[in-house]
Amino acid sequence: MEGVQPLDENVGNARPRFLRNKLLLVASIIQGLGLLLCLTYICLHFYAQVPSQYPPIQSIRVRFTKCENENGFIITSPDADGTMKVQNNSIIITCDGFYLISLKGYFSQKLSLRLLYRKGREPLFSLNMVKIVDSVTVAYLRFKDKVYLNVTTQNASCEDIQVNGGELILIHQNPGGFCVY
């Protein structure tokens, strides 16, 4: 057994080798973390420069506060934040798809209210003899549809009706389909 060293000599030689391996391991971990940090920075930098691939979501919030005999409720858009427009007392639909529609209002007397979108089609809402409206629905609307309110009263003219909190909201639910801007 000439090639085998005593145990005391083996232990003494292993300690510097163990420290050297430990230092190499720590250095490799630090380099790996540095590389990960650099890759994260590069990815975030390129991601911030990529434009959105979808157009803004079509939405509008309009108010109706007064009623005129020939036009029904007058629809006005108080904020320019909406991506949809009001034209001839109607909301013009520019994108095909599903829309979340909310209609709210408190009226001074009972009336019949219909929310229409296309001639010859069933209304989105048809409410008879109500003083309070708080309705939500989802409907499929197409390019060139026009959403508008139709009001009918039994006892008074449309101009005699007062509205409190009249609000109509449309929000497009599936962007990326057919749109004309």
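Modeller: A residue counts as buried under 20% relative accessible area, as exposed over 50%, and as partly exposed in between, with a 1.4 Å probe and protein chains only. The model is predicted: local features need pLDDT of at least 70, side-chain atom pairs count only at pLDDT 80 or more, and totals for chains, interfaces and linings use all residues. Residues are numbered from 1 along each chain as its sequence is written, and side-chain values use heavy atoms, with hydrogens and water left out.

Biologist: Let us apply the accessibility classes to one residue: is Arg61 buried, partly exposed or exposed?

Modeller: Arg61 has a relative accessibility of 36% and is therefore partly exposed. Its salt-bridge partner is Glu167, with the closest N and O atoms 2.7 Å apart. Arg61 belongs to strand 1 and Glu167 to strand 8, so this pair ties together parts 106 residues apart in sequence. Strands (E, at least two residues) are DSSP runs, as are helices (H or I, at least four), and they are numbered from the N terminus.

Biologist: Which side chain meets Arg118 in a salt bridge?

Modeller: The partner of Arg118 is Asp145, at 2.8 Å from N to O. This pair links distant parts of the chain, 27 residues apart: Arg118 sits in the loop between strand 5 and strand 6, and Asp145 in the loop between strand 6 and strand 7 (146-152). Arg118 is partly exposed at 24% relative accessibility, and Asp145 is buried at 4%.

Biologist: How many aromatic pairs does a search of the whole structure find?

Modeller: A pair of aromatic rings is described by the distance of the centres and the angle of the planes. Rings of Phe, Tyr and Trp (its six-membered ring) pair if their centres lie within 6.5 Å; planes under 30 degrees apart are stacked, over 60 edge-to-face, and the rest tilted. The search finds two such pairs. Phe64 and Phe107 are stacked, at 6.4 Å centre to centre and 20° between the planes. They connect strand 1 (residues 59-68) with strand 5 (residues 97-116), 43 residues apart, and both are buried. Phe98 and Tyr140 form an edge-to-face pair, at 5.2 Å and 75°. Phe98 is in strand 5 and Tyr140 in strand 6 (residues 125-141), 42 residues apart. Phe98 is partly exposed at 42%, and so is Tyr140, at 37%.

Biologist: Which residues make the nonpolar surface patch?

Modeller: Patches are made of residues with over 30% relative accessible area and no salt bridge; like charges are joined within 9 Å, and nonpolar side chains (Val, Leu, Ile, Met, Phe, Trp, Tyr) within 5 Å. Ile57, Phe98, Leu100, Val136, Val138, Tyr140 and Ile171 make a nonpolar patch of about 590 Å², with areas from the Shrake-Rupley method. Strand 6 gives the most, with three residues. Val136 is in strand 6 and counts as exposed because its relative accessibility is 55%.

Biologist: Which backbone oxygen does the side chain of His172 reach?

Modeller: His172 reaches the backbone oxygen of Asp96 at 3.0 Å. His172 is found in strand 8 (residues 163-172) and is buried at 2%. Contact means heavy atoms within 4.5 Å; neighbours within four places in sequence aside, the contacts of His172 include Ile57, Cys95 and Phe98.

How values were computed:
Accessible areas come from the Shrake-Rupley method with a 1.4 Å probe; for residues, only the protein chains shown count as cover. A salt bridge is a side-chain nitrogen of Lys or Arg within 4 Å of a carboxyl oxygen of Asp or Glu. A polar contact is a pair of N or O atoms within 3.5 Å; within protein, one must be able to donate a hydrogen and the other to accept it, and residues adjacent in sequence count only if both atoms are side-chain atoms.
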